[in-house]
Amino acid sequence: MLKVEEQQPVQFSAALIEKAEEIVKRYPEGKQKSALLPILHEVQAELGWLSPNAMDKIAEFLSIEPIEVYEVASFYSMYFLKPQGKYVLEVCRTGPCCLVGAEKLMDHLEKSLGVKENEVTSDGLFSWRGVECLAACGYGPVLQIGPEYTFYENLNEQKVDDLIQDLRKK
Amino acid sequence: MARKLLLEHINVPDIHTFDVYRQKGGYRAVEKALKTLTPDEVVEEVKKSGLRGRGGAGFPTGMKWSFLAKPEGVARYLVCNADESEPGTFKDRYLMTHIPHALIEGMIVSSFALGAHTSYIYVRGEMMPQIRILEKAIAEAKNAGFLGKNILGTGYDLELYVQPGGGAYICGEETALLESLEGKRGNPRIKPPFPAIAGLYGCPTVVNNVESIAATVPIINDGGDEYAKIGIGRSTGTKLISASGNLVRPGVYEIELGLPVEEFIYSDEWCGGIANGKRLKATVAGGSSVPVLPANLTLKLANGDPRLMSYESLSEGGFATGTMMGSGGFIAFDEDQCIVRNTWNFSRFYHHESCGQCSPCREGTGWMEKVLHRLEYGHGKMSDIDLLVDVSKKIEGNTICPLGDAAAWPVASAIRHFRDEFEWHVKEPVKSLNTNYGLANYAEPIAKAVSTEN
């Protein structure tokens with residue numbers, strides 16, 4: 001399992017702060033809270049997940065209360081409030097994808113990675129979970145991998161195995 | 001070949017770049033609107049076109065625009081709803097991936113019509129690749145003088161930004177989307193006030209679907225009257241249909257509204273029939289929220305006439321024998337698919353995606369999921385079937401936003417048309433775990449009276 005100390009101090013890179021400052025400029029003055037969702041994505045891309053300390057730092061940056069960040073981060077499904085594997089394989093589990101084999105694919109993923117949904121492999125590389133409709137129903141089964149949400153379509157067991165192998169080699 | 005307005009140049013190499021899009025006649029609508037028309041004239045053309053909102057509700061776009069309040073000295077906003085999340089729907093992803101400039105061009109024309117100087121495209125966060133594509137397209141358009149200050153020397157200013165969502169189906173509901181764009185949880189607002197009066201930051205706002213906004217480009221280029229000639233009756237123009245499920249060729253198709261459903265499913269020009277030589281059992285014609293129909297009622301109306309892909313024909317017969325156009329998410333189920341399992345899957349989806357504000361939806365979607373799980377896994381009781389109908393009726397119409405209805409309709413319609421399959425799951429709990437009910441009589445010519453629950 002990953003060993004991450006939850007209260008570990010958080011440092012944002014200069015590039016991240018620069019990006020966050022650019023995002024805030026998209027909104028009228030005083031409406032900087034609008035930048036919250038995009039900034040949460042940026043922070044998660046850099047740190048892998050959103051720790052309480054990271055969220056407090058975002059609140060400070062946007063001059064809003066920490067609770068305003070927590071309630072948003074916990075509402076939306078894309079934000080991780082716990083450490084994840086380096087690669088989080090998110091498989092669409094909604095109706096149309098299930099018509100073309102998404103459920104079997106998830107069973108296969110569980111077997112080949114050797115971990116249950118939302119668990120992390122012992123080498124810290126992978127976790128996986130079923131997610132709701134990814135709007136690619138005609139190309140199912142599909143999975144995505146953050147933080148850029150690279151998309152893999154028309155999957156079968158072989159393609160998933162190949163993908164896992166490729167990611168291991170990286 | 002059928003007429004294409006949005007996807008005409010889809011196969012042109014590099015059509016996603018500004019230069020190629022422009023060579024193919026792109027941004028003419030911006031030039032025409034900004035240089036030769038007033039904002040009101042643009043609104044008038046869209047009204048004349050009869051364009052109806054392509055996101056699901058089908059409300060006339062021009063009329064929606066004309067409701068926008070215009071108080072002096074208050075900013076107005078156009079927000080594009082690209083939070084495409086309705087199961088079965090993937091047309092906006094397709095459009096943004098392949099022809100991003102069609103959306104940018106439509107955003108400029110529409111923003112001009114509404115007097116907006118800052119506009120946002122709210123894209124679901126999972127579509128990060130599309131967000132990158134749009135950001136690049138915006139930079140190209142700005143570089144070419146189609147965005148920013150004093151566009152084409154006309155004095156009109158517009159800034160366009162892409163906003164990522166956080167992964168929440170509910171943000172496709174326009175007031176939840178606005179909440180989310182303000183950096184909050186996606187809880188739908190109580191209406192009134194409507195966004196046209198108090199939307200983003202309390203300012204007058206229009207929220208339109210990606211496809212609706214892109215459709216303003218051919219409407220301005222050719223005129224609203226020309227657009228209205230395409231299609232059938234009050235279903236004017238073309239519509240992107242996302243076809244998925246057990247089809248030979250699933251994918252995104254641009255159809256002229258009025259195409260017979262049978263032709264859409266079986267013709268080689270479109271979906272090419274049911275995959276693996278199977279037979280059609282059922283369809284969900286407009287995205288997971290709309291009523292599911294058995295094969296016979298998909299292809300024909302209750303009176304035996306062919307059903308057409310149009311707002312009116314799909315809803316012909318009301319919920320007793322019809323469905324809805326919705327967002328155009330067309331899902332086909334072959335004879336091996338289990339309606340109970342799919343209904344359970346959809347119920348889980350709505351339970352997962354309920355924002356939790358209204359008790360009927362928050363609790364009811366969970367109850368329906370549990371009861372359906374029980375039926376699917378061989379622990380159901382006969383009374384569960386009526387229990388589901390009862391719960392669905394108590395959600396429908398009793399929530400702030402339409403998610404409650406969207407959760408209730410698939411369950412109610414599945415039981416309305418496939419009750420014998422649900423009963424079979426109760427009577428044959430072991431058998432139903434390993435085999436499916438099959439095609440039964442769902443594809444037979446409509447002979448049996450269609451049951452309607454009271």
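Predicted model: local features only at pLDDT ≥ 70, side-chain atom pairs only at ≥ 80, totals over all residues.
Residues are numbered from 1 along each chain as its sequence is written, and chains are lettered from A in the order in which they are written.

Let's start where the chains touch. The contact takes 46 residues from chain B and 35 residues from chain A, with two residues in contact if their C-beta atoms, placed from the backbone, lie within 7 Å. On chain B's side, helix 15 gives the most, with six residues. (Helices are DSSP runs of H or I, at least four residues, numbered from the N terminus.) That side of chain B divides into 17 nonpolar, 22 polar and seven charged residues. Here Ala, Val, Leu, Ile, Met, Phe, Trp, Tyr, Cys and Pro count as nonpolar, Asp, Glu, Lys and Arg as charged, and the others, Gly among them, as polar.

Now for a pair of helices. Helix 3 (residues 39-49) and helix 9 (residues 210-222) of chain B pack at an angle of about 100°, their axes 10 Å apart. Axes are lines fitted to C-alpha atoms over the stretch in contact, and angles run from 0 to 180 degrees between N-to-C directions. So helix 3 of chain B is roughly perpendicular to helix 9 of chain B, a label for angles of 65 to 115 degrees. Helix 3 of chain B brings B:V42, B:E45, B:V46 and B:S49 to the contact, and helix 9 of chain B brings B:T216, B:I219 and B:I220.

Methods: Helix = DSSP H or I, 4+ residues; strand = E, 2+ residues; numbered from the N terminus. Parallel < 35°, antiparallel > 145°, perpendicular 65-115°, else oblique.
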